[in-house]
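Here is a short report for someone meeting this structure for the first time. Please look over the sequence and the model before reading on.

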Amino acid sequence: MYKRVILPFMLLGLASAANAAPVTYEIDPAHTYPSFEADHMGGLSVWRGKFDKTSGKIVLDKAAKSGTVEVTVDTASVDYGLDKMNEKAKGEELFDVAKYPTATYKGKLAGFRNGAPTEVIGEFTLHGVTRPLTLKIASFKCIPDAMHKARERCGADALASFNRADFGMEAGKKYNFKMEVNLRIQVEATQAE
């Protein structure tokens, strides 16, 4: 009797282990916007902007509480909401998009709590310079995709701060601009087919 009761539970455990595998999610560029805040004139005001073109993927293994993130941002898609500032930002003084057309972030999901990651530990490449950068995840959620019921859609709000001078972007420093940039990324990604 004991063996007959235990065997189904063992088989169920093996089936669950077989189903637990990493899942790849493709970033939805229509719902992903890295945005940033940067100082103007040493505290006179704060400039805010975003990037309109982003691509990448997230691999999530919920059972193993692990995963990876790879994001590529088209730096020429910078948008301050002001055409003149957008053109200036694309020039050599700031993003220098002709020379550095993309910014990238690669990292590992970490600090899982209640099945969701709380941070991404990785490396940020901007303006040809790569440095460590940890993103804190303020919120993370996965739901059935409204358009593709058989697939899952995950979303997150992540944030970090960095010193842009560390990436060779010192425009305004001689006018006492603060070099700290606050980065915030709203991201949604759909389970790959």
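The side chains of Lys-50 and Asp-52 meet in a salt bridge, with N and O 2.4 Å apart. Lys-50 is partly exposed, with a relative accessible area of 29%. Asp-52 is also partly exposed, at 29% relative accessibility. Salt bridges that share partners join Asp-28, Asp-145, Arg-153 and Glu-188 into one network. This is a predicted model.

**Overall layout**

The protein chain has two helices and 11 strands. From the N terminus, the order of elements is α-β-β-β-β-β-β-α-β-β-β-β-β. Buried residues account for 38% of the 193 residues in the chain. Take the contacts between residues at least 6 apart in sequence: 54% of them join residues at least 24 apart. The accessible surface of the chain is about 11,700 Å², and 56% of that belongs to carbon and sulfur atoms.

**Salt bridges**

Side chains of opposite charge can pair when their charged atoms come close. The structure holds 11 salt bridges. The table lists some of them.

| Pair | Closest N and O atoms |
|---|---|
| Asp-28 and Arg-153 | 2.4 Å |
| Arg-48 and Glu-37 | 3.0 Å |

Asp-28 forms a salt bridge with Arg-153. Asp-28 lies in the loop between strand 1 (23-27) and strand 2 (33-40), and Arg-153 lies in strand 10, so the pair ties together parts that are 125 residues apart in sequence. Are these two partners buried or exposed? Asp-28 is buried, with a relative accessible area of 16%. Arg-153 counts as buried too, at 14% relative accessibility.

Arg-48 forms a salt bridge with Glu-37. Arg-48 sits in strand 3 (residues 45-51) and Glu-37 in strand 2, 11 residues apart, and the pair links distant parts of the chain. Arg-48 is exposed, with a relative accessible area of 51%. Glu-37 is partly exposed, at 29% relative accessibility.

**The disulfide**

A disulfide is a covalent bond between the sulfur atoms of two cysteines. Which residues form one here? Cys-142 and Cys-154 do, with their sulfur atoms 2.0 Å apart. The count comes to one disulfide. Cys-142 lies in strand 9 (residues 129-144) and Cys-154 in strand 10 (residues 152-163), so the pair ties together parts that are 12 residues apart in sequence. The torsion about the S-S bond of Cys-142 and Cys-154 is about 105 degrees, so the disulfide is right-handed. Cys-142 is partly exposed, at 22% relative accessibility. Cys-154 is buried, at 8%.

**The nonpolar core**

The largest nonpolar core has 40 residues. Phe-95, Leu-109, Phe-124, Leu-126, Leu-133, Leu-135 and Phe-162 touch the most other members. Leaving out residues up to four places away in sequence, Phe-162 touches Phe-124, Leu-126, Leu-133, Phe-167, Met-179, Glu-180, Val-181 and Leu-183.

**On the surface**

Met-41, Leu-44 and Tyr-175 make a nonpolar surface patch of about 350 Å². Tyr-175 is found in the loop between strand 10 and strand 11 (180-191).

Lys-99 is found in another loop, between helix 2 (83-90) and strand 7 (102-110). Lys-99 is exposed, with a relative accessible area of 57%. Lys-99 and Gly-128 are 29 residues apart in sequence, and their C-alpha atoms are 8.6 Å apart in space.

Terms used
Residues are numbered from 1 along each chain as its sequence is written. This is a predicted model: local features need pLDDT of at least 70, side-chain atom pairs count only at pLDDT 80 or more; totals for chains, interfaces and linings use all residues. Side-chain values use heavy atoms; hydrogens and water are left out. A nonpolar core is a set of buried Ala, Val, Leu, Ile, Met, Phe, Trp, Tyr and Cys residues joined through side-chain atoms within 4.5 Å. Buried means under 20% relative accessible area, exposed over 50%, partly exposed in between (1.4 Å probe, protein chains only). Contact means heavy atoms within 4.5 Å. A disulfide is a pair of cysteine sulfur atoms within 2.5 Å. Helices (H or I, at least four residues) and strands (E, at least two) are DSSP runs, numbered from the N terminus. Patches are made of residues with over 30% relative accessible area and no salt bridge: like charges are joined within 9 Å, nonpolar side chains (Val, Leu, Ile, Met, Phe, Trp, Tyr) within 5 Å. Accessible areas come from the Shrake-Rupley method with a 1.4 Å probe; for residues, only the protein chains shown count as cover. A salt bridge is a side-chain nitrogen of Lys or Arg within 4 Å of a carboxyl oxygen of Asp or Glu.
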